[in-house]
Amino acid sequence: MDPTITPQRLTACTVEDVKANQFDQVVGPLTDILMACVEQGASIGFLETPNAEDAFSFWYGVSGSLVSGGRRLLVARFAGQIVGTVQLVLAAPANGRHRAEISKLLVHPDVRRKGVARLLMQQTEAIARADGRSLLFLETRTGDAAESLYNTLGFELAGIVPAYARSTTGKLSDSSFMYKRI
């Protein structure tokens with residue numbers, strides 16, 4: 001991460017909706033963010049910090065659903081640098097096309113608590129609404145800072161599943177399932 005990023009809020013931060021044909025331009029920085037977040041203990045499916053090859057593989061797995069339209073990938077930029085990302089999963093059976101899932105909200109550890117995650121979530125909600133979705137849902141590790149953020153954005157707790165996922169420390173952690181009507 002660029003050492004010139006200062007501690008104040010990133011007021012000049014912008015969010016982009018990445019199209020499938022732009023994916024190769026963002027996969028490198030997304031790989032770096034993924035590895036940095038897992039190294040800091042993020043609960044996003046990895047038990048240990050992935051190497052670059054595994055992180056690239058993760059992102060290329062995401063790229064297929066960008067092509068099909070079943071997923072949207074947003075990135076946040078500050079001073080031209082990608083500092084965060086989130087996914088909006090739109091694919092659903094016919095009886096679920098009113099809903100979408102928020103997935104893999106990641107903000108580089110060097111720029112956390114500066115409004116990046118909030119901005120990504122607000123843009124994601126706007127995209128979901130424009131796509132005709134009226135319900136958002138997500139899963140997060142119970143007690144993480146992200147859970148508090150989601151509460152401030154109007155998400156409600158649907159329930160907690162005990163011992164849902166193993167953390168990078170090997171401990172089983174509870175997960176909070178949350179929703180928001182939009």
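I looked up Y164 to begin with: this residue is partly exposed, with a relative accessible area of 44% (buried means under 20%, exposed over 50%, partly exposed in between, with a 1.4 Å probe and protein chains only).

I noted that this is a predicted model, where local features need pLDDT of at least 70, side-chain atom pairs count only at pLDDT 80 or more, and totals for chains, interfaces and linings use all residues. Residues are numbered from 1 along each chain as its sequence is written, and side-chain values use heavy atoms, leaving out hydrogens and water.

Next, aromatic pairs. I searched the whole structure and found 5 of them (ring centres of Phe, Tyr and Trp, the last by its six-membered ring, within 6.5 Å; planes under 30 degrees apart are stacked, over 60 edge-to-face, the rest tilted). F46 and F58 pair edge-to-face, at 5.9 Å centre to centre and 65° between the planes. F46 lies in the loop between α1 and α2 and F58 in helix α2, so the pair ties together parts 12 residues apart in sequence. I found F46 buried, at 18% relative accessibility. Y164 and F177 are also edge-to-face, with 5.1 Å between centres and 85° between planes. I placed Y164 in strand β6 (residues 156-166) and F177 in strand β7 (residues 172-181) (strands are DSSP runs of E, at least two residues; helices are runs of H or I, at least four; both are numbered from the N terminus). F177 is partly exposed at 26% relative accessibility.

I also recorded a cluster of F46, F58 and W59, linked by ring pairs.
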